[in-house]
Amino acid sequence: MQPTDLTGLPDGVPEHLAEQGIEELYPPQAEAVEKGVTDGESLVASVPTASGKTLIAELAMLAAIERGGKALYIVPLRALAGEKAREFEQFERYGLSVGVSTGNYQSDGERLANNDLIVATSEKVDSLVRNGARWVDDLACVVADEVHLVDDAHRGPTLEVTLAKLRARVPDLQTVALSATVGNADELAAWLDAELVDSDWRPIDLRTGVHYGQALHLDDGTTRELPVERGEAQTAAIVRDTLQDDGSTLVFVNSRRNAEGAAKRLATVVAKELTSGQRAELAEVAEEIRADSDTETAETLASAVERGAAFHHAGLSRTQRELVEEAFRDRLVRTVCATPTLAAGVNTPARRVVVRDWQRYDGDSGGMKPLDVLEVHQMFGRAGRPGLDPYGEAVLVTDDHDGLEALFDRYIYADPEPVRSKLAAEPALRTHVLATVATRFATTREELLEFLDGTLYAEQTDETGRLEQVTDDVLAYLDANEFIERDDGLRATETGELVSRLYVDPMSAAEIIHGLREADAETTPLGFYHLVSRTPDMYELYLRSGDREKYTELLYERETEIPGSTPSEFSEGEFEDWLSALKTAALMEDWTEELDEDRIAERYGVGPGDIRGKTETAEWLLGAAERLAGELDLDCTTAVRDARKRVDYGVREELLDLAGVRGVGRKRARRLYRAGIEDRSGLRNAEKPVVLGALRGRRKTAESVLAAAGHPDPEMDDVAADPDAAPDEAETTDGGGNAGGDGQASLGDFE
DNA sequence: ATGTAGATCGTCTAGACAGCATGTC
DNA sequence: CTAGACGATCTACAT
């Protein structure tokens, strides 16, 4: 089948596709068309990565738009939302518009309601529905990318419930679910009343195997020599071998430390093969990495990159991750050692993939747990760049003979696990039951159960009554916390409705409300940071050895600043969680005391990416706390707002006003303040030489800052910097604050 | 006394969504 | 119910 055979698409699209070099549809794509994706037919496509899933989705969405409806594309990651939207924008010339909506990014220009094609994360879609987005009723087609993620215990239920809700709300909604190859694609299709395309077809050949001894044992039964030199790791030998064939290698490992360690060692292998031109280009990338952050993580990464290797994990900042991905795609960095961040994220294929570690620590099961077949296959799928490599090769590694056969059985010849719904767990149902009631989607227990009957869980379970039981437990919980009322039917209280719209876990909301009610004149920002940090929506910081004593001491020192009562030291788990939350709160306090990033990273043993992640979450939760405090008319509303703003800007109290000026962050605000400019109006009326001096003579910066502050004449030409206003760098290194510092600053700060 | 291979012990462990209103150095 | 890699420190023994 050729693109020009396609019907039902906007004018010009078939020709456009042909011009893009698509002569013939891939077999799974042709099958999808035959089964009716362009006629509004629902479809589950279970096919390997990089075998043309995106085009199937595009055909479905374009046809739906041509029929006069809207299309929604649901992605699992924010980073993918932008990437997909850029891809879809190629069709804007055929008269349709593309919009993006994620938690941190809302498409500008026309509101979402005016876009024909919307890309969003599953949580954002859920949130939009909760907040009453009208355009949902105009949908003709939803696409769920990576639908096998409904198996994920944490985020899977959201995708599952969102799909069920959209389908229940919009009659005859076309549902296109794209999945990796899984064990039970037929069940997914049955759930979504969809046709099924289940295929192993790949555009380029993928060879898989295991490296053992001096050879690569491949899945087709052949063996290829791949010698390991004395004192050399197997992975190093594989990287060296790939390099001789001018290819790149992606190495998956099970911890951040291993990723960094492996990158360091492999760098010596890659460095031997570099030309001086490549060295120079790599040095530039390394410089950008150092410029982005001066943490130890950044330095380790930069020095590996200089030698053509890199690591990739969630401790890296957004910029660092992108630099690594880009340098790898440009074949500058020839090997990347990564944790699973890279397997699920943006498109970064390599000639060879090595899955070095096939087990990972899992606290719940108390030891190392083998990775799922599906997960390993997803990593394998990163091997081979379509149109660039003749083939891809993905290998596991073992050093004992029994392991060779065991790995073949476990991962090479094995089928992926079936996808199982994780909906019937309290944490998942808490939030979705509340939302369903709050939006009046269900007004009785019966309607609620009827709705839940449309989920994958109901499709899969044999255990009658389980979902009903958990639902009743959840309803009782929500009732006890006054989020819903159960007189005649179900109804959300005003608080309950707000909680649903704020998108926080009801249990977090309950904890926050409880804490806010106990807040008094002694409560400090640290106390509010602790309150949101002990919520289930905050991912806990790991307590390392020595931390237990350290934070126990800190806790008793500052106990009165924290709202709520400290759990008994003898109730092991709870006390531990309390300390862990205190560690997070202390990090937040250091951040708001303007401690430098590298000091924070060192003190808490985290990377720049973690600091960002923590402050982002805290800011979000403090925002929710602020709204809840307002709703309940509590005295601490202003104090919470200040705490939130301080986390947002990363500044002490006296800089809040200045840091609110566009173009002024924590660093610039502090410099201006030191030069005697204390707030926005001070900036507006400031002497230009002083401002210029404080901003280290950066004319452009000074002009835009003055303009943002509302200065009548921001022009900086012919202004000389006032040397007295220039910051003394020696003083800027450390904000002087620490966990035991002057947290008393806002004591008694209530209205 | 000094050097060093090898045993022993202790430490530590993947990822990332959301409200709201606008922009870091 | 369950682990294992890595690095720091210690020990034993040769020189």
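In the hairpin formed by β9 and β10, which leaves two residues between the strands, G213 adopts a positive phi near 65°. The structure is a predicted model, in which local features need pLDDT of at least 70, side-chain atom pairs count only at pLDDT 80 or more, and totals for chains, interfaces and linings use all residues. Residues are numbered from 1 along each chain as its sequence is written, chains are lettered from A and ligands numbered from 1 in the order in which they are written, and side-chain values use heavy atoms, with hydrogens and water left out.

**Strand β9 and its partners**

- Strand β9 covers residues 205-212 and runs parallel to strand β18 (residues 391-397), to which seven bridges join it; two strands pair if DSSP finds at least two bridges between them.
- Within this pairing, L206 has G392 of β18 as its bridge partner.
- Strand β10 (residues 215-218) pairs with β9 in the antiparallel sense, over four bridges.
- Here G209 has L218 of β10 as its bridge partner.

- Helix α8 spans residues 234-244 and is mostly covered, with nine of its 11 residues buried; buried means under 20% relative accessible area, exposed over 50%, and partly exposed in between (1.4 Å probe, protein chains only).
- The buried residues are Q234, T235, A236, A237, I238, V239, R240, T242 and L243.
- Their cover includes strands β9, β12 (249-252), β14 (335-338), β15 (352-355) and β18, together with helix α9 (256-271).
- D246, which follows α8, has a positive phi near 65°.

**Chain A as a whole**

- Chain A holds 33 helices and 20 strands; these are DSSP runs numbered from the N terminus, helices being H or I of at least four residues and strands E of at least two.
- The C-alpha trace of chain A spans about 75 × 70 × 60 Å along its principal axes.
- Of the 751 residues, 54% count as buried.
- Among contacts (heavy atoms within 4.5 Å) between residues at least 6 apart in sequence, 70% join residues at least 24 apart.
- The accessible surface of chain A is about 32400 Å², with 44% belonging to carbon and sulfur atoms; areas come from the Shrake-Rupley method with a 1.4 Å probe.
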